[in-house]
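Work through the two exercises below. Each has a task and a stepwise solution.

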Amino acid sequence: MLQVEKLTKTYPSEDGQQTVLRNVSLALAAGESLALTGESGSGKSTLLTLVAGLDQPDQGAIRFQNHDLTQMDDAGRADLRRGEIGVIFQQFNLIPSLDVAANIAFHARLAERADAAWCAALATRLGLEAHLARYPEQLSGGQQQRVAIARTLAARPKLVLADEPTGNLDEDSSDTVLDLLMSGVRETGAALLMVTHSLRQADKLDRRLHLSHGQVSG
Amino acid sequence: MKRAAFSALISHWRKHPIQLVSLLLGLALATALWSGVQAINAEARASYDRAAGVLGQDELQRLEPRAGTISLAQYVAIRRAGWLASPVMDGAINLNGTRARLIGIDPLSTPPQSSPVDLSGDGDLQAFVLDGLLFAHPETAAQIPATLPPVRVTDTLTPGLIITDLSTASDLLQTDSFARLILAPQQSVNLRPLSELAPDLLLIAPEEGNDIARLTDSFHLNLTAFGLLSFGVGLFIVHAAIGLAFEQRRPLFRTLRALGLRKSTLLTLLATELFALAVIAGTLGVALGYLVAAALLPDVAATLRGLYGAQVSGALTLNPAWWLSGLAIALLGTAVAGAQSLWRTANLPILAPAQPRAWAIASLKSLKRQALVGAGLIALSAVLAGYGSGLTTGFVLLGCLLVGAALTLPLFLHVALNFASKFSHTALSDWTLADTRQQVPGLSLALMALLLAMAANIGVGTMVSSFRVTFTGWLDQRLAAQLYVTARDQAEATDLARLLDGEVDALLPIRYIEAQIEGAPGQIYGIIDDITYRENWPLLAAQPDVWNRLAAGDGALVNEQLALREGLDPGDPVTLGTAQFTVLGVYSDYGNPRGEAIVSLDQLGAKGAPIQGFNFALRLPETRVDEVTNLLTTAGLPARNIRDQAAIKAFSLDVFERTFTVTGALNVLTLGVAALALLTSLLTLSTMRLPQLAPVWAMGLTRAKLARLELLRAIILAALTALIALPVGLALAWVLLAIVNVEAFGWRLPMTLFPSDWIGLFIAALIAAALSAAWPARRLATRPAADLIKVFAHER
Amino acid sequence: MSVRPLILLFWLWGTALAAQGFAGLGTDAEGFAIPQRGTELTFPDDHGAHPDYRIEWWYLTAALQGEDGRDYGVQWTLFRSALEPETGTGWDTPQLWMGHAGITTPNRHFVAERLARGGIGQAGVTAAPFEAWIDDWAMTSTATGGDQLDALTVTARGMEAAYTLDLAATGPLVFQGDLGYSVKSASGQASYYYSQPFYEVSGELFLPQGPVRVTGKAWLDREWSSQPLAEDQTGWDWFSLHLNDGAKLMGFGLRSNSGVFTSATYVAPDGTPTPYGDDALTLTPLTLTEVAGRTIPTEWRVQLPAQGIDVTTTPTNSQSWMDTLFPYWEGPLRFTGTHSGIGYLEMTGYE
């Protein structure tokens, strides 16, 4: 379903061009989950944003279903993201000007796949039903991430990309949130690509890929 | 320490150049419009004074012939009798189609007070008296053909006037006699009285006061009001920029204070920084103001020339006092705009956290509080409108109304957007409206500026247009006769009446006396009963059968100024001179600052006071106007004592179009300042807004699409602001027409509405908003993805 | 009476004239006539105006005593200045006229000034019958026989004061210099110059506090020229002295950067003039006075050893300041020493 082939990405930095990814390849089947691990600066978050189509690699190909993201324009990648890909970041996932209910339904409505019952079910499952009328800034970090997960699952994407989704949470709520994400992904049949620095969390996923200095190792 | 701290403080501006530019530009523009308007006013007033004094007629007595001109022999006889008199030739010459007034003087006998040209330069006097030399304003000089003597340009003359030596004037005007003699203010001892020496000459007193300056007051008041509003609008930008710069530097303040910098030192450094910025922006602003004034002055000059007959030079002279006052207003503006930030900094605990986002996002509660204050101010203005009096109150009322409206604007926008979202059905429109609502506090100052600019446009525009409609209609009524003729004394009046007998359809004598009217100096006119008055006179209120009763000596008509001042209604008694009259009616009398009354001619004669004015209104067929004018001038009546109604009306109409040019230009400039406020606010917010936009982008909206939505948001906000600006502007117009004008000039103009103007302005506001949002939107559309991705990785 | 009016007119019209190369009055004459040595002056014609010469004046000073016992002085001057050497007609006439009148009392000094165009009758001079006038000021011959200048009536009027004087000459006209050809500098600039120094005066001054009858002696100077000054001359001090023995002394010093050029004419009681060239006369300032913001020597020692004259002059009013377009000092004086008497002093060029 997802094939990443020989991705290379450099960013301009103060010391000239800095290569963040070098010839990285990976593959993910439908319904499969893959953990991306590696130390800070290993390029794992960059890989995720490239797969999300938020940015373009310098070399290599990203094939998702029958599209090559690297051959698509900005609008095409945005369409793909709107319809098929859900992204959960470590923070700032939510739209500050919308309340929780609207945030949960937002992506699904953009993808024209809104289903009120499903949204309500997700809110209940994620323990958000008491907070539906609140605004993101009135929620705790854990609650915000639950809203982000609910929003992603509500849109029923084929691929969920998560970048340290629990990185700002303490260990207990971190586990709870991850479990909720995993079960939700499993239930919708989506594939999951998750960046994490926690080996314990990585072990919960089907496979693990370790990045070091922009290259796949081990 | 101080130096290090200061350089740390100002390093902020290097990192935020847009903030610096918006601060400087806002202040510079505010100063520019204000000082530009001041420059125009000052130039016009200087022109009035010059016109009043070009030949010393404002302070010197003069001798004029009862008829015809003064011969050279008579002039020499008067000189040889010891009177210090200076001869003046005065006539019109044709300059390639346009007419100019040519005045010939004798530089040797001209009293210093009336010396209109400077002949102190090398060879000037010789060239003037011997070779022939013309002095003229640059505008007039440009029209003088090369066949005439050489021209010297001078800014001290009003346009349309040429001064030359008598020898040259005598050739050009083909005359050897004089229009008048100017008398030196000091004369020798033991002189033979002029009444014996020259009984056929009239001694005319210096022209008192400056009628033109008085008449044009309302025009300049409008300009000043515009200048003040523009300045206020500019200050919104400055206030916003200073506020943000202080908020963003709070961590720095905290650090500096932690390092041992005293609070007083910090405040001094910040004040110094503001002072320096104000000086830079002020200098820039005054220079810009000069350009604004120079660009607008020709139209202003044309307006004033046509409307009031005031000769104002179209060129601007620089005045150091004006530069300094421009700088001072910039400093004052900065002080006003920065006071709040400085005060807050002074009262801030060392460890209070920085909240630039909180600065931009105010709670609904604070919006409500603000709106409550605004509503209070509006209520206060309503109370003032109902019970207050005086010009100052009028301006306070205006201030309360505008500030009050501005303060309620954010809540209004919030509520309106909330209401609109009820009708939204897509995620995108939900989000767009919700996000627009969230942007309101951050943009509120800029939007308030836009509100003020638009309200001012509507208000002043409505006032000017109402004035035009009323004034032209009034002219038609008031100037029902074709010619207006002024005789200079009783004998001349009798002669004119005899001369005109049978030449015109109606000869309406109008006499007036200067008298105390209800304790203030004014004029009482005497008229005869005629159909002309019955059909045309602009009565605002009258008792039944007013004209018959006036003719029968039953009472008097009073002008609106007097009626308003004394609270007179038809039927009330009024004291004119020493006698009491019944007010039979009230008539409109625009442009006259004094009280005035009309009684029947018989009653005026019976009062026994010396008649000061011997005027006639002549009704005659339009086709005979030239013929009768010639008849009168041939009989020796100076051309300026004959006024042609058609010419006056044509002038007025032309003038109002010119007036609109100026008003229009100022409208555009004010709107431009507001658009700039919007632009700088949007630019400032654009960086802070990334966390709001990034999630939507991650969910599949392109940056281009987001940018288009940003543009749309600005337009929505502008449109909503325009909606509230309309009633505010109309209220402003009402205050100007019904309160400020009445207090300032004593007459009230009916308000006329011009909806087509509103549509134009509405569109202009939307375009202004779109233009100011275009750049930030474009920046968003072309922003590197990495900038947006960073949002998710960065700490707040 | 020397060159003062030349500078005066130079200042008044000089800027105009400078444009035509008149900056140095002595340098060239631009079509104007130039005085020639040996020209015989003829009367009454030469009492009248000479429009082909650039400048000309009729200059009267009268040192007077009032019936109240106080000293008074009166000045009456008419200047003519030609912009071009033509008579002209009407307003196009290039002849300009200026009148100065002064009345000096021990504590006041009244000044009046008049300007007029020639050609229209406002100002002018006719030789016979003689009349010089500007506006209502006039110097009119009342002579019934002899020279037109033998008897005159002079009137002038200002803002505060006026006068009317009757003048009767007790001696003949006196030619200055070489039969009326008067050299004005070491380099030879000259003018035509004659005087009538023998007037006995009676008349009336109309002062703010009331009229005063006066008697005294007057001196009339007639001078015309086109180029009478050297370029470096900065000012002058000019004396007309009525000696008690009936003789008259005219003397002046022209100050320049290179020193003082003096000239004098001693006129015997019978009218016989003895001219003296440079250095015969010595003028020594004695007392300096603050006048109109300037420092001006108001008391002088005047020495003419050739005639045994050594006198000290004292002004009637040290503030005799003529506050006219080109201001100068001009006032009556008394002198004592080898001789005593009354006279007039004028001083220019003190800045």
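Angles under 35 degrees count as roughly parallel, over 145 as roughly antiparallel, 65 to 115 as roughly perpendicular and the rest as oblique. The model is predicted: local features need pLDDT of at least 70, side-chain atom pairs count only at pLDDT 80 or more, and totals for chains, interfaces and linings use all residues. Residues are numbered from 1 along each chain as its sequence is written, chains are lettered from A in the order in which they are written, and side-chain values use heavy atoms, without hydrogens and water.

**Exercise 1.** Classify the packing of α1(B) and α10(B).

Step 1. Take the helices, which are DSSP runs (H or I, at least four residues) numbered from the N terminus. They are α1 (residues 2–15) and α10 (residues 250–258) of chain B.

Step 2. The angle is about 170°, and the axes lie 10 Å apart.

Step 3. α1(B) and α10(B) are therefore roughly antiparallel.

Step 4. List the contact (heavy atoms within 4.5 Å). α1(B) supplies B:Ala5, B:Ala8 and B:Leu9; α10(B) supplies B:Leu252, B:Phe253 and B:Leu256.

**Exercise 2.** Describe the contact between chain B and chain A.

Step 1. Count residues: 30 from chain B, 25 from chain A.

Step 2. Look for salt bridges (side-chain nitrogen of Lys or Arg within 4 Å of a carboxyl oxygen of Asp or Glu). The rule finds two across the interface. One of them joins A:Asp74 and B:Arg703 (3.5 Å, N to O).

Methods:
Axes are lines fitted to C-alpha atoms, for helices over the stretch in contact, and angles run from 0 to 180 degrees between N-to-C directions. Helices (H or I, at least four residues) and strands (E, at least two) are DSSP runs, numbered from the N terminus.
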